[in-house]
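Open the model in your viewer and keep the selection panel at hand. Each stop below says what to select next and what is there.

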Amino acid sequence: MTATPEAWQRALTRFVTVIPHTRELGLEVVTVAPPEVLLRLPWHDDLLGDTARGLVHGGVLTMLLDTACGSSVLCALPVPEVCPTLDLRVDHYRPAVAGQPLWVRARSLRVTASMVFTEGMVWQEPEERPVARGIANFVRLGARNTPPGFAEALFAEEQPHV
Amino acid sequence: MFEGFHDVAWLEKTRAEGDVAAWMALIPYARRIGVSAVTDPQGEGLLFRLDPRDGNVGNVLLPALHGGVVAAFMETAATLDLMLAAREPRLPRIVDVSIDYLRTARVEPTLARCRLLREGRRLANVQVSAWQRSETEPVATARLHFVLEACEQNA
C-alpha cells in the first residue's frame, strides 16, 4: 500500500491503541519503514515476572513480538488484511530487567498468497544486546474475510471510537 | 526471611504446601492478565485458568483474546507446574517457547493443562494445551524448554 512512513506510523499507532491489551500498557509505534516496524513499551511494574529479582515476565516478550510481527504484516501486504498468528517461536537470550523500556523491531520477510513470514528482536538499550528473538507466521484471510473498511479505518483522520 | 523464588527455604516451604498463590504474588504480569491455579477435577494435579478480562482482548472485531496474552498464560502455567512437579525445588528459567494457534480464543475462561515430558539435571521440556469449551478442541498448544537453576542456599 502506498502510504508514507508517517502515515503508516499513525495507522499502526491506531492499530495498537485499538487493541485493549497494548493500549492499556501504553505501547508506542516509534517508526515504520515498510515492511519493518519499531515499537517501544514504556516501563510498568506490571511487566514483572519475578518481583524479588526484578525480571520481566517472559510472556511480555512473546506478547510484544506477536504484536510487532503482526504490525509488520499489515504494512507488508498490498492492502491490509486481517491476519491471525499461525505459530510463534521465541528464544530467550538473556533476562529483561525492571525499570527500562522494551524495544522491539520486527519485519515481514516474505509474503505469499496464503502466508506472511516474519521475525522480530526485543532489546533493552543497547540494541546490540537483544533479550529475545521471535519468528512468527501469519495466515492471510484475504479480502473476503476482512471486514469492509478495515484498511480505511487504519488510515482514517480521526481516532475511531473505542 | 527473604521471600523469593531464589530463596530455597521459601521455595521448599511454599512448594510443600502447594501454595501457588504465594508464587503468583511475585508475578505481577500473570496477575494482570488474571492467571490462577485450579484443582483438576479429573486428577490430582492442577489446571490453570485465564480470566476472560477486557484487558486481554487482542482483536476487537471478533472479539478474541490477544495471542500473546494466551502465550504468556501458557508460559506461566508451564513454569508453575514445573516448579510443583520437579523432583526437587528448582527455579525454572525459560529458554524457548513454540506456540501453535489452533482456534480463535474467545473472550471466555481459558484452561491449560501441562505435561512435564522430560526433567533432566539441567533442562526440562514442558508441553501445554489450552482450551475453552472442550479440552478436545484446544485453542493453542505450546512446548517450552527451561533451564533448572540451583537455588541459592543462603539467599
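Begin with strand β6 (residues 102-111) of chain A and strand β7 (residues 115-123) of chain A: eight bridges pair them in the antiparallel sense. Helices (H or I, at least four residues) and strands (E, at least two) here are DSSP runs, numbered from the N terminus. Two strands count as paired if DSSP finds at least two bridges between them. Now pick A:Trp103; its bridge partner in β7(A) is A:Trp123.

A word on conventions before moving on. This is a predicted model, in which local features need pLDDT of at least 70 and side-chain atom pairs count only at pLDDT 80 or more, while totals for chains, interfaces and linings use all residues. Residues are numbered from 1 along each chain as its sequence is written, and chains are lettered from A and ligands numbered from 1 in the order in which they are written.

**The sheet**

Zoom out to the sheet. Strands of a sheet pair through backbone hydrogen bonds, either parallel or antiparallel. This one is open, has 12 strands and pairs antiparallel, in the order β1(A)-β2(A)-β6(A)-β7(A)-β8(A)-β5(A)-β5(B)-β8(B)-β7(B)-β6(B)-β2(B)-β1(B). Select β1 (28-33) of chain A and β1 (35-39) of chain B: these are the edge strands, each pairing on one side only. From one strand to the next, the twist averages 25°. Angles run from 0 to 180 degrees between N-to-C directions, and axes are lines fitted to C-alpha atoms, for helices over the stretch in contact.

**Across the chain boundary**

Next, select strand β5 (residues 85-92) of chain A. Seven bridges join β5(A) to strand β8 (residues 130-139) of chain A, and the two run antiparallel. Within this pairing, A:Val90 has A:Gly134 of β8(A) as its bridge partner.

Which strand of chain B is joined to β5(A) by five bridges? Select strand β5 (residues 91-101) of chain B, which runs antiparallel to β5(A). Here A:Arg89 has B:Ser98 as its bridge partner. A:Asp87 stands opposite B:Asp100.

Carry on into chain B. β5(B) is joined by 10 bridges to strand β8 (residues 138-149) of chain B, again antiparallel. Click B:Asp96 to find its bridge partner in β8(B), B:His145.

**The interface**

Show both sides of the contact: chain A gives 32 residues and chain B gives 32 residues. Two residues are in contact if their C-beta atoms, placed from the backbone, lie within 7 Å. On the chain A side, α2 (20-25), β3 (48-50), α3 (58-76) and β5 each give two or more residues. The largest share, eight residues, comes from β5(A). Color the chain A side by class: 13 residues are nonpolar, 10 polar and nine charged. Ala, Val, Leu, Ile, Met, Phe, Trp, Tyr, Cys and Pro count as nonpolar, Asp, Glu, Lys and Arg as charged, and the others, Gly among them, as polar.

**The helix pair**

Select α3(A). This helix lies across β1, β2 (36-41), β5, β6, β7 and β8 of chain A together with β5 of chain B, at about 45° to β6(A).

α3(A) and α4(B) pack at an angle of about 160°, with their axes 8 Å apart. The two helices are therefore roughly antiparallel to each other (over 145 degrees, by the cut-off used). The crossing is right-handed, that is, the near helix is turned clockwise from the far one by less than a right angle. Residues making the contact include A:Gly58, A:Gly59 and A:Val60 of α3(A), and B:Gly67, B:Gly68 and B:Val69 of α4(B).

**Two cis peptides**

Where is A:Pro35? Look in the loop between β1 and β2 of chain A. A cis peptide bond joins A:Pro34 and A:Pro35, with omega about 5°. Then go to B:Pro63, in the loop between β3 (57-59) and β4 (64-65) of chain B. B:Leu62 and B:Pro63 are joined by a cis peptide bond, with omega about -15°.

**Confidence**

Finally, color chain B by pLDDT, the predictor's confidence in each residue, from 0 to 100. Chain B averages 93, and 95% of the residues score at least 70. The predictor gives the complex an ipTM of 0.94 and a pTM of 0.95.

Note on methods:
Angles under 35 degrees count as roughly parallel, over 145 as roughly antiparallel, 65 to 115 as roughly perpendicular and the rest as oblique.
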